[in-house]
Structure formats: structure tokens, C-alpha cells
Amino acid sequence: MDVDGSQARMAAFLRDHQDKIVGRWSELVVAGVRGRSSVVEARRELEDIYSLIIAVMSGPGEAGPGEQARVELRAVLAEFSRSRARSGFAPGETALGVFSLKEAVYELIADAADLMPEFLAFSRLIDNLGLYTFESYAAARERIITDQATSMLELSTPVVRLWDGIIAVPLVGTLDSARTQLVMEKLLETLVATGADHAVLDITGVPTVDTEVAQHLLKTVNAARLLGAECTVSGIRPQVAQTIVSLGIEFGDIATKATLADALAHALSRAGLKVGPA
Amino acid sequence: MERVPILKIGSTLFVSIQIDLQDETVIRLQEDLATELVATRATGVIIDITAVEIVDSFIGRMLTMIGSISRLFDAETVLVGMRPAVAITLTELGLSLRGVRTALNAEKGLELLSGSS
């Protein structure tokens, strides 16, 4: 079978029926995403892709303008998938955007039975493009997830100044090795930068304390001690206290307090300060 | 071999380590410090390690030993200016430098000594 010839015939067919096919395609896409974008909007996006598909099919196979169109088409599809991933479309809905072109063309071509081999070649191209869309979508999603994880890590470890020479680290969420490392580094850097000699580690927002978490906390306190700062652990909830005791975790000579307020009072008294009625 | 200078300020010996610590340097410092403590009858030692970027387990142990030796001469040792990275390394090595007091900077170290004596 003359592949280039049949592709060129298909390209000619697509060009002749452009208006009809793109119209039907847009309708199918909009129906597929349950009306989350309008037909006009979809049409604008799809027209670009459509003309690039024609360029790919009418250009020669490997090199030349066909290849250039192929690269461009991939870039456009990648951008299409990325924007879909960002606006929260399902992967199926994104791939459907490409696959429904087949349906739109098939509806027209069904009458002209002599174009069947051409349609098969076309269909193979669309399948490849659909797969590519899927891959780009997955890659975009992956990147969004990594970005979110990073920003969550940054968000979740603020170091706040409570008083002159007293800083606090409110810990929220599960403590794993990566996070504790970050907390430790930030805490120590802030101690050095502010010259504070008292730090409060508030674990009110930590859901569970097991031996590993306790180990991490002890390490942080020890490192702060090496710098010459004293640490207090506060925000121990009743259940957490029970777990700590039943696991046999020893906090040694580290001061622990029930609430952040108690810890602050403790730190103030250590600094020789007293808070009283004005 | 390089030597770490020991300065006497009042009744405090001030040691500022500005070089990369070699094992021999630290042993030499330990000897010098003991001699100086006897000669000056100082009551406090401040070791400033602001410029020290790498501390291994040997040097960590020697610092603890310097603390214990000073205590024999009735002098308190304060380690000041440790960098966060060094503190993290020492904790990971499981060294907590017992017997040595620590302070954020030289000023706080001096305060600590004058407050305790």
C-alpha cells in the first residue's frame, strides 16, 4: 500500500471537510467534558490541532515540513494536556479530546467506503497522538504533585519569634525524616541568626508520636543544645502522653509542657523575665 | 604544625579556633590549655568555633575531654559559636558533648561564665 499517497488523500479529504469535522469534533469534546467548556472555546483550541494534523499528513514522511509540523503538533498537544491537567480534568476526558476526532471523521467517511485504507492510516496517527496526550497529561500531573509536596514542606515549617530571645516552631502534620531534617536546619539557623537562646517545639499539630518521631525530636533538642540554646517541647496531648509512656520513650532532662503558653512562661522565667498585670 | 593561640582575658582563657582542625592540633591545644590553666589559675575557658566547618568524632571527643580537664582545675568550659551544620553532624554522630556548656556566641559565653562563678 502506498502510505504517503493514502495519507495525502486523507489530508485532502480532511481539508475539504474541515468546517464540518471541526464543528462535530468540538461538539463531541464539549459533550465529553459535560459542558465545562463552551463549543466556541473548544473549537478555537481544536482548529490549531486540526490544521497541524493535516500538515503532518500531507507532508512527506520523515524529514521536511511534515517533520516540522509533527514537532509543532506535539508541542501544541503537550500544552493542551498541561492546561487540562491544571484545570482538573480527568485523564480520560483529556484523551477523549483527541480520540473523538476519529469519531467525527468516521461519521463522514462511512458514506464514502473507498476511503477505508486511508482512514486506517489516519486512525493510527490519532491513536499515537492520543497516547502522547496521555503521557503529557501524566507528566504534568506528576509535576503538579511534586510542586505541591515541596510547597507543603516549606509551608509546614515556620519558625516564629515569641519574645526577645525566645523562638517557637509549631509543628503540624506527620513528622518524617525529611521534615525533621528541615525543621532542625531551620530552627538552628534561626537560633544563630536571631541570637535566641530558648526554643519551643510545639507538637500540638502532630497526630501521633512514635519512637521514630520522638527520636527526631530528641535529636533536634540535642543539636540546639550544642549551639547553646535550651529547648522545651510543648503541646503534648493526653493520648500522645499515653503513647509516649506506654512506648517507654524517655525525654530525659528535656522540659516538656502541656501547652505553648506554659512553655512560654517557662522560657520567660528562665530568661529572668516576669509577666504581670500592667 | 599550627598552634591555636590561647588568650587570657581577666580570669577567662579565650581560645578562638580559626584553622582547619587536625587531630594533632587539638591534642596540642589540649596540652597547652592544661599548662595555661595551671599557670594563670583561670576559672573559665571559652572555645570559639565560629570558623570551624568540619568536626569529626575524634575532635568532638577531644572537646569533651578539654571540658573534663578544665573541670579538674576548677574551670568551666563554654563552647561558643557552633554552626548549625556542625551541630547536626555531632548529633548524628551521637555526641552530645556532656560536661561542656554551650552558648550561641562569645558574648553569651562570657555572660554564662560570669553568672555561674
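## Contacts of Ser70 in chain B

Leaving aside residues within four places in sequence, B:Ser70 is in contact with B:Leu37, B:Val45, B:Ala75 and B:Thr77. The model described here is predicted. B:Ser70 lies in helix H2 of chain B, which covers residues 57–72. The C-alpha atom of B:Ser70 is 8.1 Å from that of B:Gly44, although 26 residues separate the two along the chain.

Is B:Ser70 buried or exposed? B:Ser70 has 25 C-beta neighbours inside 10 Å. A residue is buried if 20 or more other C-beta atoms lie within that distance, so B:Ser70 counts as buried.

## Strand E4 of chain B

B:Val45 has B:Thr77 in E4(B) as its bridge partner. Strand E3 of chain B, residues 44–48, pairs with E4(B) in the parallel sense over 5 bridges. Helix H2(B) belongs with these strands: E3(B), H2(B) and E4(B) make a right-handed β-α-β unit.

## From E4 to E5 in chain B

E4(B) is also joined to strand E5 of chain B, residues 101–103, by 3 bridges, and these strands run parallel. Within this pair, B:Val80 stands opposite B:Ala103 in E5(B). Another right-handed β-α-β unit is made by E4(B), helix H3 of chain B (residues 84–92) and E5(B).

## The sheet of chain A

Strands of a sheet pair through backbone hydrogen bonds, in either a parallel or an antiparallel sense. In chain A, an open sheet of 5 strands has the order E1-E2-E3-E4-E5, and its pairing is mixed. Which strands of chain A stand at the edges? Strand E1 (160–163) and strand E5 (255–256) of chain A do; each has a single partner strand, so one side of each is left without a neighbour in the sheet.

E1(A) and strand E2 of chain A, residues 166–172, run antiparallel and are joined by 3 bridges. In E2(A), A:Ala168 is the bridge partner of A:Val160. Helix H7 of chain A, residues 177–194, packs on the sheet and touches E1, E2 and strand E3 (198–205) of chain A. The direction of H7 makes about 165 degrees with that of E2(A).

Note on methods: Residues are numbered from 1 along each chain as its sequence is written. Chains are lettered from A and ligands numbered from 1 in the order in which they are written. This is a predicted model: local features need pLDDT of at least 70, side-chain atom pairs count only at pLDDT 80 or more; totals for chains, interfaces and linings use all residues. Two strands pair if DSSP finds at least two bridges between them. Helices (H or I, at least four residues) and strands (E, at least two) are DSSP runs, numbered from the N terminus. Two residues are in contact if their C-beta atoms, placed from the backbone, lie within 7 Å. Axes are lines fitted to C-alpha atoms, for helices over the stretch in contact, and angles run from 0 to 180 degrees between N-to-C directions. A residue is buried if 20 or more other C-beta atoms lie within 10 Å of its own, exposed if 12 or fewer, and partly exposed in between; C-beta atoms are placed from the backbone. A crossover is right-handed if, with the strands pointing away from the viewer, the path from the first strand over the helix to the second runs clockwise.
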